[in-house]
Amino acid sequence: MPLLEETTLPQEHPPIVPVVIIGNGPSGICLSYLLSGYTPYLDSATVHPNPILYKKLQETKHIPITEQDLEYLSEGLEGRSLNPVAVLFDTLLHPNADYGYEFPPVLQWRRDKQQHIPHLVLGRATPGGAWHAMEGSMLTISLGIWMELPGVNYRDLNNGKRRDVTSDRATPEEISSYYRNYVKLKGLQKNFVDNTYVTSVHKLYRGHDGEVLENGHTDEADVGVGDCGDEVFKGNGVECVNNGASGVLWEVRGFQQVQNDTHIPFCLFAENVVLATGASDSPIRLGVEGEDLPFVSHSVSDLGLAVGQRKLDMNSDPVLIVGAGLSAADAILCACNSNIKVLHVFRKSVDDADLIFKQLPKTMYPEYHKVYNMMCTQTYTNVAPSSAPNRPQAVSIASSVCAKMCPKPQLAIGNMGGNASVGLFPDYTSFPEHCVVSFQSDSKCLLQGINSLKAVKISMVLVLIGTNPSLFFLKGQGKYLGQDPTKPISCKQNPIDIHPYTFECTKEPGLFAMGPLVGDNFVRFLKGGALGIASCLLKRLKKKGNLITTVGNNFI
């Protein structure tokens with residue numbers, strides 16, 4: 001369905017939407033579910049295993065969770081998220097999951113049209129976000145049931161399939177299919193506009209007469225009223241209105257890609273904007289010489305493409321893989337399965353407690369355990385300094401800048417130890433406590449170790465040291481929203497600073513953030529952002545009587 005209707009009559013202003021959600025991954029889908037009138041109540045037929053929480057829930061069992069005091073309910077709860085509402089919602093949906101139990105949710109969902117808030121979800125592809133772009137043969141880190149969204153059991157849509165009794169992990173293909181079907185089953189399609197690219201989100205103001213102002217002054221040329229008033233959204237019944245209320249508005253601009261790669265621009269106003277863009281937009285770079293050479297890549301999929309096109313085979317020079325996270329491990333597995341030689345470079349020692357492999361149970365993650373064992377046992381052995389008196393002086397120079405050029409690995413989760421002795425790949429060599437100094441145009445790479453400087457010949461390089469979100473459409477790329485406004489937004493190092501119970505940005509009222517942008521990198525916990533935001537907006541709706549003061553024409 002096209003986002004814009006080209007044959008409509010011009011309007012004085014672009015339409016105003018109560019809520020615009022940027023991103024149609026699991027964060028955006030879950031929030032759309034809650035804003036569409038699906039309301040959580042305590043299921044009277046269940047008992048939560050936490051007696052203190054259960055007593056609190058019993059006190060207000062006839063009141064929707066979204067209308068309750070989330071701070072009070074969250075008090076004293078502990079879990080693997082720093083956001084208290086994320087821990088709360090997780091324990092309501094998966095009680096005692098961290099202890100290995102699979103208790104049923106203690107929530108029941110009722111559809112209440114009075115709880116519906118009109119909204120749009122803008123996404124670059126079909127609902128599911130980045131899951132559509134992931135390698136279909138890999139397995140998720142989380143269990144399949146932890147990837148599910150409220151109201152639809154994952155196994156029901158997956159035909160009850162389980163791989164074995166110890167591991168119920170899923171493939172990205174299965175998860176992306178689940179999210180697409182979820183939107184259809186819950187009747188959310190009218191809220192979603194696919195193939196849309198947001199290019200600008202800009203804060204405006206309304207005067208008391210409804211006139212749109214920028215920085216308190218009328219500026220129609222900059223605001224875009226004149227050049228986008230004739231572009232009207234079309235979307236199955238979501239109410240957009242032009243009204244005379246005063247206050248802050250957000251101007252959202254972008255384009256929709258339709259048939260034949262045609263780009264149709266759009267412009268709309270929103271009273272509230274939710275950032276749900278995830279964290280996979282911008283790969284972290286080493287920042288070393290030669291990183292832009294054509295044989296250097298920052299995506300695992302490029303390795304699969306090179307193998308598929310037979311640009312790499314067992315006779316090729318080794319592939320150099322940089323990083324010590326799960327993306328690097330996936331690339332190693334892909335190369336080993338194709339009999340391609342691998343050189344693996346990472347900053348940390350193999351005994352470092354922060355390595356993600358030390359946090360994954362080997363019974364559930366045997367493939368990653370295999371990679372970790374190779375990292376430990378198939379290492380490149382440095383020559384001792386005393387046996388190399390003529391070592392180049394460049395070693396000390398490179399050593400002094402090594403820490404600046406090589407960022408630390410971005411992932412950290414849980415425990416895995418032991419040694420695997422079967423199925424190791426002989427053409428793999430690890431370089432622990434090494435970093436890249438430079439890449440050269442003759443397909444050589446200079447590596448710096450603790451006491452060595454080594455040049456290696458390679459066929460391809462994969463730099464897989466994490467990703468950062470891309471908020472290019474915000475002022476200053478959104479840096480001012482971070483916990484440290486002097487640094488770029490980073491899901492682990494510098495998430496967006498939010499109110500812990502509403503997920504509203506502390507520096508921008510009316511702007512919300514959820515998911516990896518606020519540090520919740522797992523689907524299991526990002527759902528808490530949807531609860532916090534929906535609760536906040538519904539309480540404001542109840543207080544004001546309407547998020548949009550005057551209900552006007554139905555433009556969508």
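Two strands are taken to pair if DSSP finds at least two bridges between them, and strands (E, at least two residues) and helices (H or I, at least four) are DSSP runs numbered from the N terminus. On that basis, this predicted model contains an open sheet of five strands in the order β13-β20-β14-β15-β16, with parallel pairing. The edges are held by β13 (296–297) and β16 (428–432), each of which has a single partner strand, so one side of each is left without a neighbour in the sheet. Within the sheet, β14 (residues 319–322) and β15 (residues 342–346) pair in the parallel sense over four bridges, and Leu-320 has Leu-343 in β15 as its bridge partner.

Residues are numbered from 1 along each chain as its sequence is written. Because the model is predicted, local features need pLDDT of at least 70 and side-chain atom pairs count only at pLDDT 80 or more, while totals for chains, interfaces and linings use all residues, and side-chain values use heavy atoms, with hydrogens and water left out.

**Helices and the sheet**

| Helix | Strands it lies across | Angle |
|---|---|---|
| α10 | β14, β15, β16 and β20 (460–463) | about 170° to β15 |
| α11 | β15 and β16 | about 70° to β16 |

Helix α10 (residues 326–337) and helix α11 (residues 366–377) also pack with each other, at an angle of about 90° and with their axes 10 Å apart. That makes α10 roughly perpendicular to α11, a term used for angles of 65 to 115 degrees. On the α10 side the contact involves Leu-326, Ala-329, Asp-330, Ile-332, Leu-333 and Cys-336, which meet Glu-367, Tyr-368, Val-371 and Met-374 in α11.

**A loop residue**

Pro-485 lies in the loop between β21 (467–468) and β22 (511–513). Pro-485 is partly exposed, with a relative accessible area of 40%, the class between buried (under 20%) and exposed (over 50%), for a 1.4 Å probe and protein chains only. Not counting residues up to four places away in sequence, Pro-485 touches Lys-479 and Tyr-480.

**Confidence**

The protein averages a pLDDT (the predictor's confidence in each residue, from 0 to 100) of 79, and 74% of the residues score at least 70. Over residues 216–232 the pLDDT is below 50, although this stretch has 44 contacts in the model beyond near neighbours in sequence.

Note on methods: Axes fitted to C-alpha atoms, helices over the stretch in contact; angles between N-to-C directions. Parallel < 35°, antiparallel > 145°, perpendicular 65-115°, else oblique. Contact = heavy atoms within 4.5 Å.
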